[in-house]
Amino acid sequence: MRPSNTLSLLSAALCAALLAGCAGLPSPQPAAPQWQTPGPRGGTCDAAPAQKVLGRQSTASVTEQARVASGAAMARVLQPNQPVTREFNPERLNLVVDGSGRITAARCG
């Protein structure tokens, strides 16, 4: 075998081994929202009626009550220091919670 063929085969084998090694590793994902509820499409959020849940625990039923009250198509619960997307979505209600899971803010976006 010529040295150039051996080098090509070795390079190809090394690349394949590196790719195969990375294939089994889970990709880092931001933490999923604790609760995200799909609702009727086209529901524009109005956070004012959802303010009634401030101070309550962020259970699934409380989150759904806030979503329905706001008219939002979906809701998500944002934990402290949780990475979140920053795009504004007029159909989404965001419920911000503290470290104990109590809702501290309800806002659209």
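A disulfide is a pair of cysteine sulfur atoms within 2.5 Å. I start my notes with that cut-off, and I keep in mind that this is a predicted model.

**Entry 1: the disulfide**

I looked for sulfur pairs and found that the structure holds one disulfide. It joins cysteine 45 to cysteine 108, with 2.0 Å from S to S, inside the 2.5 Å cut-off. Next I asked myself which hand this disulfide has. The torsion about the S-S bond of cysteine 45 and cysteine 108 is about -75°, so I wrote down left-handed.

Then I checked where the two ends sit. Cysteine 45 is in the loop between α1 (3-23) and α2, while cysteine 108 belongs to strand β3, so the pair ties together parts that are 63 residues apart in sequence.

Are the two cysteines buried or exposed? For cysteine 45 I read 11% relative accessibility, and it counts as buried because buried means under 20%. Cysteine 108 comes out at 23%, so it counts as partly exposed, the class between 20% and 50%.

**Entry 2: the sheet**

From cysteine 108 I moved on to the strands. Three of them form an open sheet in the order β1-β2-β3, and the pairing is mixed. I noted β1 and β3 as the edge strands, each pairing on one side only. From one strand to the next, the twist averages 20°.

How many bridges join β2 to β3? I found five, and these two strands run antiparallel. I picked out one residue pair as well: valine 97 has isoleucine 103, in β3, as its bridge partner.

I also looked at what packs on the sheet. Helix α2 does, touching β1, β2 and β3, and its direction makes about 140° with that of β2.

**Entry 3: the core**

Nonpolar side chains tend to be buried together in soluble globular proteins, and I wanted to see who gathers here. The largest nonpolar core has 13 residues. Among those with the most contacts inside this core are Ala50, Val53, Ala66, Leu93, Leu95, Ile103 and Ala106. The elements giving two or more residues to the core are α2 (60-70), β1 (74-78), β2 (92-97) and β3 (103-108). Strand β2 gives the largest share, three residues.

Which residues does valine 53 touch, leaving aside its neighbours within four places in sequence? I listed Val62, Ala66, Leu95 and Ile103 as its contacts.

Key. Residues numbered from 1 in each chain as written. Predicted model: local features only at pLDDT ≥ 70, side-chain atom pairs only at ≥ 80, totals over all residues. Heavy atoms only, no water. Core = buried A, V, L, I, M, F, W, Y, C linked by side-chain atoms within 4.5 Å. Buried < 20%, exposed > 50% of the residue type's maximum accessible area, 1.4 Å probe, protein only. Helix = DSSP H or I, 4+ residues; strand = E, 2+ residues; numbered from the N terminus. Contact = heavy atoms within 4.5 Å. Pairing = 2+ DSSP bridges. Axes fitted to C-alpha atoms, helices over the stretch in contact; angles between N-to-C directions.
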